[in-house]
Amino acid sequence: AVKTDGTLWSWGRNSFGELGLGSTVTQSSPNQVGSLTAWYQVAGGDNHSIATKTDGTIWTWGSNSDGQLGLGNVTSYSSPKQVGALTNWLNIAGGRYQTVATKTDGTLWTWGANLAGALGLGNTTSYSSPKQVGALTNWLNVASGYRFVLSTKTDGTLWSWGRNNAGQLGLGDTTNRSSPVQVGALTAWLTVSCGQSHAIATKTDGTIWVWGFNIYGQLGLNNTTNYSSPKQVGSLTTWSKTTGGQGSTLAIKTDGTLWAWGRNGQAQLGLGNITYYSSPKQVGASTTWNAVKSGGYFTLALG
């Protein structure tokens with residue numbers, strides 16, 4: 001997590017140094033990563049971390065078995081290491097063993113494990129340093145799940161690639177793709193997020209759409225059927241921010257309320273029980289929620 005003063009803090013499992021604290025000791029309370037006050041954005045993979053600073057540089061640490069740190073090697077690091085020397089990184093996302101990022105010039109870059117074509121490079125070769133996906137300069141938001149990636153462009157289109165065993169690419173089939181493919185023809189997509197094997201997206205009209213693996217009801221469609229193309233959750237037009245976990249989904253509405261559905265064996269839905277739900281349920285009565293992130297089997301949110 002990043003604070004408003006630009007400091008970076010971490011806690012939890014640390015088997016590969018993914019907390020960036022210079023050790024592999026697990027921490028059960030927040031610890032500051034270094035002393036810098038220039039951190040801007042953070043993202044996590046399965047066992048690695050990615051962050052950008054206010055100067056546009058990108059930094060990684062943790063497990064590097066497949067080159068997911070982008071440092072040109074497969075050595076794990078327990079403290080932040082700068083990826084190259086560029087200062088124009090914009091948005092970042094971490095998958096299980098891969099990393100995805102966009103630059104301020106609108107280009108899209110990926111590195112790490114490439115099973116199922118998750119890097120979008122037209123092959124299944126893993127890379128330990130950043131590789132540009134195509135030559136386009138209009139990529140915007142990125143999200144990554146278990147070996148698959150979603151991205152929006154500045155024109156409002158939505159694209160996906162990688163693993164597709166449960167239809168998580170939203171392309172109407174279960175065929176893997178090793179390069180970006182457009183999801184439908186709409187130009188109204190706004191935000192994207194990924195669970196382990198399902199996808200969540202919002203449109204500019206405030207609607208929320210889901211697809212992919214649904215055995216726990218994580219799609220919120222009141223069933224446990226997988227879907228390989230986007231399906232609207234209800235008819236409301238007030239959805240704002242979303243996050244996906246390992247079988248769960250959480251979302252915030254424009255009225256500041258928080259909603260959750262799907263897998264709940266570890267009480268990750270915040271509903272005071274461990275009951276699974278296949279349709280959205282409001283978390284408490286607060287109307288001041290501002291951000292939400294899933295850590296797989298747990299959730300964090302900011303008021």
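**Notebook: a predicted all-strand chain**

Entry 1. Lys53.
I started at Lys53, which lies in strand S4, residues 48-53. I was working on a predicted model throughout. I then listed the contacts of Lys53, leaving aside neighbours within four places in sequence. They are Leu36, Ala38, Trp39, Tyr40 and Trp59.

Entry 2. The chain as a whole.
I stepped back to the overall make-up. I noted zero helices and 24 strands in the protein chain. Its radius of gyration is 18 Å, close to the 19 Å that the globule rule gives for 303 residues, so the chain is as compact as a globular protein of that length. I took the box along the principal axes: the C-alpha atoms fill roughly 45 × 40 × 30 Å. I also looked up burial, and buried residues make up 46% of the 303 residues. Next I checked contacts between residues at least 6 apart in sequence. Of these, 44% join residues at least 24 apart.

Entry 3. Sheet S11 to S14.
I traced an open sheet of four strands here, in the order S11-S12-S13-S14, with antiparallel pairing. Which strands stand at its edges? They are strand S11 (139-144) and strand S14 (177-182), and each pairs on one side only. From one strand to the next, the twist averages 20 degrees. Strand S13, residues 158-162, pairs with S14 in the antiparallel sense over three bridges. I marked Gly162, which stands opposite Arg177 in S14.

Entry 4. Strand S17 and its partners.
How many residues of strand S17 (residues 208-212) are buried? I counted five of the five, so S17 is largely enclosed by the rest of the structure. I then followed its pairing to both partners. Strand S16, residues 198-203, is joined to S17 by five bridges, and the two run antiparallel. Ala201 has Trp209 in S17 as its bridge partner. S16 and S17 form a hairpin with four residues between them. In that turn I noted Gly206, with a positive phi of about 85 degrees. S17 is also joined to strand S18 (residues 227-232), by three bridges and again antiparallel.

Entry 5. Sheet S19 to S22.
I found an open sheet of four strands with the order S19-S20-S21-S22 and antiparallel pairing. Strand S19 (239-244) and strand S22 (277-282) stand at the edges with a single partner strand each, so one side of each is left without a neighbour in the sheet. I read off the twist as well: it averages 20 degrees from one strand to the next. Inside the sheet, five bridges join strand S20 (residues 248-253) to strand S21 (residues 258-262), running antiparallel. I picked out Leu250, which stands opposite Ala260 in S21.

Entry 6. Positive phi at alanine.
Most residues other than glycine have a negative phi. I logged Ala116, where phi is positive, near 70 degrees. Ala116 lies in the loop between strand S9 (108-112) and strand S10 (127-132). I logged Ala267 too, with a positive phi near 65 degrees. Where does Ala267 sit? I placed Ala267 in the loop between S21 and S22. Ala267 is partly exposed, with a relative accessible area of 39%.

Entry 7. Ala291.
I finished at Ala291, in strand S23, residues 291-294. Ala291 is partly exposed, with a relative accessible area of 25%; the cut-off for buried is under 20%. I checked which residues it touches, not counting those up to four places away in sequence. Ala291 touches Ile252, Leu300, Ala301 and Leu302. I also took the C-alpha separation of Ala291 and Gly303, which are twelve residues apart along the chain. The value is 7.1 Å.

Notes:
Residues numbered from 1 in each chain as written. Predicted model: local features only at pLDDT ≥ 70, side-chain atom pairs only at ≥ 80, totals over all residues. Heavy atoms only, no water. Contact = heavy atoms within 4.5 Å. Pairing = 2+ DSSP bridges. Axes fitted to C-alpha atoms, helices over the stretch in contact; angles between N-to-C directions. Rg over C-alpha atoms; globule rule 2.2 N^0.38 Å. Buried < 20%, exposed > 50% of the residue type's maximum accessible area, 1.4 Å probe, protein only.
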